[in-house]
Amino acid sequence: MQLTAPRLFGVTIHAAEVEATAGFYREVVGLSLEGERHGDGPLHYHAGWGFPDAGLMFSLFPGAPADPQYLSFVVDDVGAVHRRAIERGATIETPPGKNDPGSPPGCLDFVVRDPAGNLVTVYQLA
């Protein structure tokens, strides 16, 4: 396959409490994370299979991140994701609304922290 320009294929984050963080991304964001282990390696999770040309792979590994990461997701219903985040006791950094001035007209978003302390912006397109 010939690529015309490099493109992002995958993102990996680390979490000290990988199970709690996997639960957040499953139950709040709605990702279908699948557990995997390579040999004697740690149990880790992946979502968004599509190697190499049908999407972005999100991976979650156990371990302490050096610094919090910043992630963004587009969903169908930002209000539903916000409600699930509150039900799980997640820290909401900004409530749903038009918070990102660079987003398209009519786009709604909010920012929440995952259990590992990462900032997660959730967008709903108009």
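Reader: Which residue caps the N-terminal end of helix 2?

Author: In this predicted model, Asp77 caps that end of helix 2, with a side-chain oxygen 3.1 Å from the backbone nitrogen of Gly79. Helices here are DSSP runs of H or I with at least four residues, strands are runs of E with at least two, and both are numbered from the N terminus.

Reader: What comes just after helix 2?

Author: Just after helix 2 there is Gly89, which takes a positive phi of about 80°.

Reader: OK, and His82, is that buried or exposed?

Author: His82, which lies in helix 2 (residues 78-87), is buried because its relative accessible area is 15%, where buried means under 20%, exposed over 50% and partly exposed in between, using a 1.4 Å probe and protein chains only.

Reader: Which residues is His82 in contact with, leaving aside its neighbours within four places in sequence?

Author: With those neighbours left aside, His82 is in contact with Ile92, Pro96 and Phe110, contact meaning heavy atoms within 4.5 Å.

Reader: And what do the buried residues of helix 2 pack against?

Author: These buried residues, among them Val78, Val81 and Ala85, pack against helix 1 (18-29), strand 6 (91-97), strand 7 (108-113) and strand 8 (119-124).

Reader: Changing topic, how many helices and strands are there in the protein?

Author: The protein has two helices and eight strands, and 35% of its 126 residues count as buried.

Reader: What should I know about the numbering and the values?

Author: Residues are numbered from 1 along each chain as its sequence is written, and side-chain values use heavy atoms, leaving out hydrogens and water. Local features need pLDDT of at least 70 and side-chain atom pairs count only at pLDDT 80 or more, while totals for chains, interfaces and linings use all residues.

Conventions:
Polar contact = N/O pair within 3.5 Å; in protein donor to acceptor, adjacent residues only side chain to side chain.
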